[in-house]
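Work through the exercises below with the sequence and the coordinates open. Each task is followed by a solution in steps.

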Amino acid sequence: DLRILGTGLVLLVLSLSGIAPASAQTRATTKVGDVHVYTGQNKTDRTSYEETVIVTAIEGGKIRTKHSRPGRAEDIVGIYDTEWNTEQSGGSGFGYEPLFRAMSFPLEPGKKWQTSSEFTTSNGARTKTQGDIRVVGMEKVKTAAGEFDAVRLENKGYLSGVSWQGGWAYTQTYWYAPSIDRLVKFEHKESRPLGAESVLELKSFKPAP
């Protein structure tokens, strides 16, 4: 079976590289009081920002976070499930119905799944987002916060209007570090003319006492 052979080769390569497969990685426990800081760059308009994220509550199978940026009048609340899938984005404040499933544990190389959600933008536009996601494997990723053994995931998605007409494809690549239970890097690119292209990277991480 070629699928079994392929999986075996991936595991062999990972073991030879000195990085344990994702399924063998110990996932850290997220706690109230964890603080992680990200730097974001919008390559389209050449702007940048810094965002501080604090875990404020973990209850009822949900993680709540507070997102602060210099120059933004109010903090935004993020709501996620325990796998960090988005119910309400802490970056934009957009709510997703059902939640957008960007993660699906265990994150084993070759694993694939689909996700589909609707959200409403700040100007009231209802939009549908769909994604085909796969786990590529483990990679070492260097960030301002240090070097991490991270799981690389790729999402080939499509945004389409519900209350408006049209749509466009997008791609996302993101790296999750089990050792801190966080995304440490995130890249987003849209296919439309002058579409958004951005990068988010972990600057620092401070676990709760």
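**Exercise 1. State how far the model can be trusted, and how it is numbered.**

Step 1. This is a predicted model, in which local features need pLDDT of at least 70, side-chain atom pairs count only at pLDDT 80 or more, and totals for chains, interfaces and linings use all residues. Residues are numbered from 1 along each chain as its sequence is written, and side-chain values use heavy atoms, with hydrogens and water left out.

Step 2. Mean pLDDT (the predictor's confidence in each residue, from 0 to 100) is 90 for the protein, and 89% of the residues reach 70 or more.

Step 3. Over residues 1–18 pLDDT stays under 50. For this stretch the model has six contacts (heavy atoms within 4.5 Å) beyond four places in sequence.

**Exercise 2. List the elements and locate the nonpolar cores.**

Step 1. The protein has one helix and twelve strands, taken as DSSP runs numbered from the N terminus (helices H or I, at least four residues; strands E, at least two). The order from the N terminus is α-β-β-β-β-β-β-β-β-β-β-β-β.

Step 2. Of the 209 residues, 38% count as buried; buried means under 20% relative accessible area, exposed over 50%, and partly exposed in between (1.4 Å probe, protein chains only).

Step 3. The largest nonpolar core has 18 residues, and Leu-107, Val-151 and Leu-153 have the most contacts inside it. Such a core is a set of buried Ala, Val, Leu, Ile, Met, Phe, Trp, Tyr and Cys residues joined through side-chain atoms within 4.5 Å. Strand 6 (95–100), strand 7 (112–120), strand 8 (126–143), strand 9 (146–161) and strand 10 (167–177) each give two or more residues. Strand 10 gives the most, with four.

Step 4. Another core, of ten residues, lies apart from it and includes Tyr-38, Trp-175, Val-184 and Leu-202.

**Exercise 3. Count the salt bridges and characterise two of them.**

Step 1. There are 14 salt bridges, each a side-chain nitrogen of Lys or Arg within 4 Å of a carboxyl oxygen of Asp or Glu.

Step 2. Glu-83 and Arg-101 form one, with the closest N and O atoms 3.6 Å apart. Glu-83 sits in the loop between strand 4 (76–81) and strand 5 (86–88), and Arg-101 in the loop between strand 6 and strand 7, 18 residues apart. Glu-83 counts as buried at 18% relative accessibility, whereas Arg-101 is partly exposed at 31%.

Step 3. Arg-192 and Glu-190 meet at 2.8 Å, N to O. Arg-192 is partly exposed at 34%; Glu-190 is buried at 13%.
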